[in-house]
Amino acid sequence: MKFKFPRITIYDRYIFKQVAMASLVAILLFTIVWIAPEILLNTIKGALAGNYGFKTAILLLFYELPKILDKAFPVGLLLGTLFTFDKLSKDSEITIFRAVGMSFPRIIAPVVVLSLIFTFLCFLTGDKGIPMAADKIRAIHGAVRTAQYIYTQKDSTGHPLRSIIVSQSRDKELENVIVLDFSSHVYQDVHQLSNIYSAQRGHIYDDRWELEDITNYNISNDGIYIDINHLDKINVLEGDSASKAFTLMTYSTMKERDINNKNLKKYIKLLKEEKVSEEYNGTLNKYFQRFFHPFVCVLLAILGCLLGFSKPREQRLVGFTIAIGCIFVYYITLPFFDLLAEKEILPPLITATFPTIAFLAAIIGFYKSKDL
């Protein structure tokens, strides 16, 4: 059986164009409102202070756009579909479409196609756009990644072998590093130390962490210093452990949105291996959101169509109020669900999908109330 694509009619082109134009205007307005108060002011202040020129200021504003568009796509699509279908209802065009036998699914078919395009753009923005823009902004400012980090090596039973406390790091350069070697003796659930290394500086290579100018304190099983030595160099991590520790240290100091999907998945895998439960659950929740958040574009588009279906004399304010309320509740509750996942109150898959399920339930409720 040969598959045939549905025929695109004048109606499809008309609705697609109307909703697309209205959505783009809504996205533009959302972007202007979002960027104007703080981002624009800080950029102007930096330019006036001589930190960078006019061209660089424009680039900084441009690289801020992906973070805004990630939120603007769903909001713009909701408002665009709502405005378009509200206007169609007021002009009795929806009544005409229904009179000629068009069902609700057929009426909104062009909108669903448009929303799938926005879904792809939203996903691409979160995966590629925001991380790339963050790197560009950091390069313009000449910023160097700095971090304070604690990495603990454990054996297969969970017994700590060594803890590395990095007081300051700049990319692969380390400063004021303390290394704690644990002994096999445990006293009242407290792991005893066998050695303490205090290094002034160090460097991270691909296959090792090398410390320099080290003071070594040997400790007896009674917790007493028995010897103090000076070492020129020492390797504290080697091979796979060195690579893992650097990856964990790098990503732990970055915002989740500044990491692309491939590296975020790698980071989550390492967190699971190291049994860092809170960070693992919180990051896994964010990773799942990367896939469910774009799909909200489709749901909000359908919701906008439903809210736009109204009687000729029905007040327009009602639909727009409900739409703004839905957007507000969606974005205001995301941090709450992030916290539920991080504290292991709910599994990350549930916290990431709940907003999507809530919108789906709202669509079903509005669909039944409209009696379409």
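Phe359 is buried, at a relative accessible area of 6%, where buried means under 20% relative accessible area, exposed over 50% and partly exposed in between, computed with a 1.4 Å probe on protein chains only. The model is predicted, and local features need pLDDT of at least 70, side-chain atom pairs count only at pLDDT 80 or more, and totals for chains, interfaces and linings use all residues. Residues are numbered from 1 along each chain as its sequence is written, and side-chain values use heavy atoms, with hydrogens and water left out.

The structure contains 14 aromatic pairs. Rings of Phe, Tyr and Trp (its six-membered ring) pair if their centres lie within 6.5 Å; planes under 30 degrees apart count as stacked, over 60 as edge-to-face and the rest as tilted. One of the pairs joins Tyr330 and Phe359, which are tilted at 55° between the planes with 5.4 Å centre to centre. This pair links distant parts of the chain, with Tyr330 in helix 9 (residues 316–342) and Phe359 in helix 10 (residues 348–370), 29 residues apart. Helices (H or I, at least four residues) and strands (E, at least two) are DSSP runs, numbered from the N terminus. Tyr330 is also buried, at 6% relative accessibility.

Phe336 and Phe337 form an edge-to-face pair, because their planes stand at 65° and their ring centres are 5.6 Å apart. Phe336 is partly exposed at 47%, whereas Phe337 is buried at 10% relative accessibility. One aromatic cluster is formed by Phe85, Phe104, Phe309 and Tyr367.

Charged groups also sit over rings, a term applied if NZ of Lys or CZ of Arg is within 6 Å of the ring centre and within 35 degrees of the ring normal. The charged end of Lys172 lies over the ring of Phe246, 5.2 Å from its centre, and that of Arg208 over the ring of Tyr205, 4.1 Å from its centre.

Helix 7 (residues 261–274) has 14 residues and spans 20 Å from its first C-alpha to its last, close to the expected 20 Å, the expectation being 1.5 Å times one less than the number of residues. Its buried residues are Asn261, Leu264, Tyr267, Ile268, Leu270, Leu271 and Glu274. Their cover includes helix 5 (109–141), strand 1 (146–154), helix 6 (240–252) and helix 8 (277–308).

Within helix 5 lies Thr125, which is buried at 11% relative accessibility. Leaving aside neighbours within four places in sequence, Thr125 is in contact (heavy atoms within 4.5 Å) with Pro66, Asp70, Phe73, Ile130 and Pro131.
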